[in-house]
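Here are my notes on the model. Please read them beside the coordinates.

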Amino acid sequence: MKVKIGKAADNDFVINDPQASRYHAQLTQDEKGYLLLEDLGSTNGTFVNDCQIVKKIVSAADKVAFGANYVLTINDILKRDNDYSDEFAHLKKVYDEYIKEKIRIQSSNQFKTRLFQSLPFAVIGVVGVVLGFMGHADKNIFILSFVLAVLAPTTGIYFGARQAAKIPAQLQHLANQFKIDYVCPKCGIFLGEIPWESLCNKKHCQVSSCKAKWVRI
């Protein structure tokens, strides 16, 4: 891939700045993905991270200036056609993992809540019944069995409520991270809980100032 950069209209990336030369620089990406920025003998120079260069291997995040005033990143040049389809494709995994983890939290906690509510009935309640049967002639054992019978539901309700109380916090933590990860790859706006497939059908960001292409047509 080669991107010619300059003020002339026949460049791949046109710079509307008086300090830019007609054919200012060229960005090349080889088959291994390495990016090479090369100055084409411009009048006011090409700068990468504030250092003037003639030819330099760069990364997408590097800041580049053509002359003194026109500053942008290498990624801005790569995205000259507003195509963010590759980045958008990665959001499918983000959405799928979010739904999977949300279901896991809800089902796991529901199971634990029911278990904690039922287990005391099964253990303490059975012990109470056995003691009651064994101590029908012993007043103290009978009282103990009665206390255990009352304690069983109380204990179950307590531990069940404690487990159920964990669900909102876990879901909130999951949602907070989802809001950070599930965003438009260009403008960063949160995409809501709209399924990735539905967003894919829209083909581009709905924010008028962004309009990033999500699907390569």
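1. Burial first. Buried means under 20% relative accessible area, exposed over 50%, partly exposed in between (1.4 Å probe, protein chains only). By that rule, F88 and W196 are both buried. The model is predicted: local features need pLDDT of at least 70, side-chain atom pairs count only at pLDDT 80 or more, and totals for chains, interfaces and linings use all residues. Residues are numbered from 1 along each chain as its sequence is written, and side-chain values use heavy atoms, without hydrogens and water.

2. Aromatic pairs. Rings of Phe, Tyr and Trp (its six-membered ring) pair if their centres lie within 6.5 Å; planes under 30 degrees apart count as stacked, over 60 as edge-to-face, the rest as tilted. The whole structure holds 7 such pairs. F88 and W196 are stacked, because their centres are 5.3 Å apart and their planes at 20 degrees. F88 sits in helix α2 (residues 85-89) and W196 in helix α5 (residues 196-202), so the pair links parts 108 residues apart in sequence. Helices here are DSSP runs (H or I, at least four residues), numbered from the N terminus, as are strands (E, at least two).

3. A tilted pair. Y95 and F178 lie 6.3 Å centre to centre, with 55 degrees between the planes. Y95 belongs to helix α3 (residues 91-134) and F178 to helix α4 (residues 139-181), so this contact ties together parts 83 residues apart in sequence. Y95 is buried at 10% relative accessible area; F178 is buried at 4%.
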